[in-house]
Amino acid sequence: MVTIPSSIGPNNVGIVGGGLAGMATAFQLIKKKPSINVTIIDKALPGTGGASSVAGGLLHPLTPRGKIAAFGIQGVDSSKTLIETASEFEKGVVLRDEIYRVAVNNKHRSVLKAAASSHPQFCEWLEANELEWDTSSSSVLGALRIHGSGCKVIHVPSYLNGLWLACESRGTGDRVWALEEDCADWKERLSEFDAVVLSAGAGMFQDAVVKQELPVQLVRGQSIELHLRNRQFEQVRLCGKYATPLPDKGKVNIGATQEFKDEPLDCASVKDELQMRSYDFLSDLWDDGDVHKVTEGFRVQSDRGPRGRLPIIGSFDSELHDNAWIFTGLSSRGLLYHSLFGDMLTDMMFDSDENYQLVDAESLNWWVMN
Ligand SMILES: Cc1cc2nc3c(=O)[nH]c(=O)nc-3n(C[C@H](O)[C@H](O)[C@H](O)COP(=O)(O)OP(=O)(O)OC[C@H]3O[C@@H](n4cnc5c(N)ncnc54)[C@H](O)[C@@H]3O)c2cc1C
């Protein structure tokens with residue numbers, strides 16, 4: 001890793017939004033150029049805003065059909081350093097290092113068994129009677145156990161706080177987290193920086209920080225926190241919906257990232273909807289749990305391209321700043337893509353390199369790797 005001297009690229013960067021995209025960008029900028037000054041401008045404290053604060057925390061490279069997602073292996077590898085570094089500064093970042101992708105019908109079963117044969121280095125097929133929880137009263141036929149270095153379950157709020165503490169402690173420049181509830185004049189606010197990165201997730205569009213149309217949609221996700229009366233929950237189960245343990249093992253987060261609802265559902269309806277669609281593999285939890293709260297977040301979903309829904313990174317022709325960059329559209333793979341695409345974006349900021357191919361989407365200069 002070559003350290004970039006102060007004569008190359010920006011020295012004072014403002015990042016609007018400190019979710020997974022913004023924090024990965026800050027981390028990669030500081031790693032490459034320790035002398036850089038980074039200010040995160042966010043309306044919430046580290047780990048408490050946007051989609052990142054409510055994410056299920058699942059990190060693995062597989063699609064629901066058991067294939068490797070585009071850039072999946074690189075994404076997992078790239079995230080490792082950030083997770084390890086955040087864990088040095090914050091407790092409880094990694095909740096688990098295995099995920100069970102559950103089969104509740106024969107189609108699931110054959111797809112997941114094929115995935116186990118194709119990727120034996122990080123997954124294995126287990127029949128229902130080999131699973132570590134009692135499946136006798138459910139429709140579970142078995143599960144793909146994704147494990148090892150290809151898989152982590154992250155407590156994202158702790159992770160983002162850990163990353164922020166790591167950024168603060170590293171390098172020689174200033175690090176500032178500047179809370180900005182409601183910025184009336186972004187142009188003036190950002191004028192002190194020599195480059196800005198727009199990475200405020202859905203808030204960027206809802207609060208009109210970015211006024212241009214981009215090839216994205218905002219997708220509402222709702223999840224619930226279930227408190228168990230008589231047991232602790234250890235495994236992470238996924239089958240369209242997911243159940244992940246919270247740091248307190250008597251609490252479970254059950255959710256989905258695939259809700260396309262315009263209006264938010266109330267607490268009872270979120271519970272009914274999630275329960276109806278996940279009872280076949282989570283009956284033991286639903287039967288023992290009380291709903292405590294509903295959490296909600298909008299994720300920014302990029303349009304599907306030839307290699308699926310990839311994040312949008314690149315320079316951005318913005319009225320807000322002459323040297324503006326954008327990082328958005330992490331879709332439902334925020335953890336898989338934040339570090340890798342943050343790495344690519346920061347490479348571009350220091351040197352618009354020929355390893356990247358420019359794709360013009362009107363005012364957006366959008367790079368993909370060759
Ligand atoms: C319910 C749910 C579950 C999910 N589960 C997973 C999962 O298990 N695994 C996975 O990889 N991905 C998951 N995702 C997707 C993941 O959460 C997103 O891809 C990722 O968090 C997007 O990160 P971001 O930094 O682009 O945006 P965000 O996380 O939304 O961050 C935006 C930041 O900008 C700030 N902000 C917004 N507006 C303004 C403004 N006007 N001024 C200043 N600051 C502002 C916000 O406070 C926030 O901190 C899930 C998403 C949802 C909704």
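Q: Which domains is the chain divided into?
A: The chain of this predicted model is divided into domain 1 (12-54 + 156-215 + 305-369), domain 2 (98-150) and domain 3 (217-300), with bounds that come from an automatic or database domain assignment. Residues are numbered from 1 along each chain as its sequence is written, and side-chain values use heavy atoms, leaving out hydrogens and water. Because the model is predicted, local features need pLDDT of at least 70 and side-chain atom pairs count only at pLDDT 80 or more, while totals for chains, interfaces and linings use all residues.

Q: What separates the centres of domain 1 and domain 2?
A: Taken over C-alpha atoms, the two centres are separated by 36 Å.

Q: Switching to helices, at what angle do α1 and α8 cross?
A: The axes of helix α1 (residues 20-32) and helix α8 (residues 334-350) cross at roughly 45 degrees and come within 8 Å. Helices here are DSSP runs (H or I, at least four residues) and strands are E runs of at least two, numbered from the N terminus, and axes are lines fitted to C-alpha atoms, for helices over the stretch in contact, with angles from 0 to 180 degrees between N-to-C directions. That makes α1 oblique to α8, since angles under 35 degrees count as roughly parallel, over 145 as roughly antiparallel, 65 to 115 as roughly perpendicular and the rest as oblique.

Q: And which residues of α1 make that contact?
A: Leu20, Ala24, Thr25, Gln28, Leu29 and Lys32 of α1 do so, where contact means heavy atoms within 4.5 Å; their partners on α8 include His338, Asp343 and Phe350.

Q: What about α2 and α8, how do they pack?
A: α2 and α8 pack with their axes 7 Å apart, at an angle of about 75 degrees, and that makes α2 roughly perpendicular to α8. On the α2 side the contact includes Gly72, Val76 and Leu82, and on the α8 side it includes Leu335 and Leu340.

Q: How many aromatic pairs does the structure hold?
A: There are four aromatic pairs, meaning rings of Phe, Tyr and Trp (its six-membered ring) with centres within 6.5 Å, whose planes count as stacked under 30 degrees apart, edge-to-face over 60 and tilted for the rest. One of them joins Phe71 and Phe341 edge-to-face, at 5.6 Å centre to centre and 90 degrees between the planes. Phe71 lies in the loop between β3 (58-59) and α2 (72-89) and Phe341 in helix α8, so this pair ties together parts that are 270 residues apart in sequence.

Q: Back to α1, how does it lie relative to α4?
A: The axes of α1 and helix α4 (residues 156-169) come within 10 Å and cross at roughly 25 degrees, which makes α1 roughly parallel to α4.
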